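Dear colleague,

I am handing over a structure for you to look through alongside my notes. Please keep it open while you read.

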Amino acid sequence: MKPKRRDFRLDIIVLLGFTAAATIASFGVYRMWAGEWTKAWFDLAVVVAVAAPVIHAWRGGDSLRAGNVLAALNSAATFGACLLLGHTALTWTYLVLLTNFFVAHRWMAVVCNTLLIVGMQLIPGFFHDGVHAASVLVSASLITVFSLIFAARTQDDRVQLERLAAIDALTGVPNRRSMERALADAVGRFQRGERRFGLVVLDLDHFKDVNDQYGHAAGDAAIADLASILRFEMRRNDQVFRFGGEEFVALLELDGTEDLEAATERLRKAVRSSLRGPGGRITISLGAAMLREQEKTWHDWFSRADAALYRAKSAGRDSYVIADDLF
């Protein structure tokens with residue numbers, strides 16, 4: 001089963017792995033037809049060795065471990081090709097030195113490349129002469145160094161982009177994308193018996209009036225101030241997210257409904273006493289729900305908390321409703 005989360009390394013592993021396996025398999029078939037059985041069996045063994053970690057990564061999503069294994073196998077197979085084919089295998093060697101940095105951790109790629117480069121230098125009669133050996137050594141080393149620099153820079157940029165994609169620009173708190181991952185993780189932990197969780201969904205009361213009377217800048221300021229208050233009120237293992245518009249979600253580690261009710265009231269009071277706009281005090285309404293055993297996904301859990309929020313707003317706002325009280 002393909003993992004749900006997009007993984008750049010996994011995409012590269014699958015693309016390069018299956019392309020390499022198909023290409024090497026075609027060489028193996030040709031060599032069988034030509035009667036070169038030793039080389040043909042070597043090619044087919046490489047195909048199996050390359051395909052195994054690719055399939056593992058595709059099914060399980062463990063791209064880092066599979067990539068490290070694939071880099072080691074590719075390097076070992078390339079060294080074997082150098083032993084069997086001589087310097088004609090250099091074309092494959094340069095390609096492997098480069099692609100190792102795309103599939104494996106960069107320091108694993110450095111180790112694999114170094115061992116391959118040194119191994120080639122130790123093969124008797126592999127090079128035409130000393131100049132040829134020195135030329136290959138320099139070229140392979142430069143490929144490794146520049147690939148390492150590129151891989152390090154790319155990894156840093158990707159981490160930064162992923163961080164930015166997970167944070168709401170206005171408030172600085174995690175966004176809905178991050179919330180969905182966190183709630184799914186909480187459901188998994190709950191089902192494994194690790195922790196119990198409560199969910200609080202809240203939004204600003206009469207927020208449309210703030211925008212209509214004082215402008216969107218005032219509305220944005222109220223949302224940003226609300227986020228700051230909520231972040232301050234979160235305990236060490238609690239999390240707060242901006243769901244969208246003026247709506248926020250708090251994920252709390254709690255022991256039961258009584259703790260959830262106390263935490264929800266604490267949030268309501270903190271906002272009521274601290275949040276101000278151009279027209280004066282701004283309040284919130286809140287709906288909360290404990291995660292239940294029959295809820296296998298976060299959607300049903302969220303729906304109960306969201307329904308409780310609308311019940312609180314219908315009751316006059318500046319209040320909260322615990323979803324468990326509704327059933």
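Predicted model: local features only at pLDDT ≥ 70, side-chain atom pairs only at ≥ 80, totals over all residues.

Residues are numbered from 1 along each chain as its sequence is written, and side-chain values use heavy atoms, with hydrogens and water left out.

Five strands form an open sheet with mixed pairing in the order β2-β3-β1-β6-β7, where strands (E, at least two residues) and helices (H or I, at least four) are DSSP runs numbered from the N terminus, and two strands pair if DSSP finds at least two bridges between them. At the edges lie β2 (239-244) and β7 (320-322), each pairing on one side only. Strands β1 (residues 197-204) and β3 (residues 247-253) run antiparallel and are joined by seven bridges; leucine 199, for instance, has leucine 251 in β3 as its bridge partner.

Helix α10 (residues 257-274) packs on this sheet, touching β1, β3, β6 (284-290) and β7, where contact means heavy atoms within 4.5 Å. The direction of α10 makes about 165° with that of β6, angles running from 0 to 180 degrees between N-to-C directions, with axes fitted to C-alpha atoms, for helices over the stretch in contact. Helix α11 (residues 298-314) also packs on the sheet, touching β1, β2, β3, β6 and β7.

Elsewhere, helix α8 (residues 207-214) packs with helix α9 (residues 216-233) at an angle of about 140°, their axes being 6 Å apart.

Best wishes
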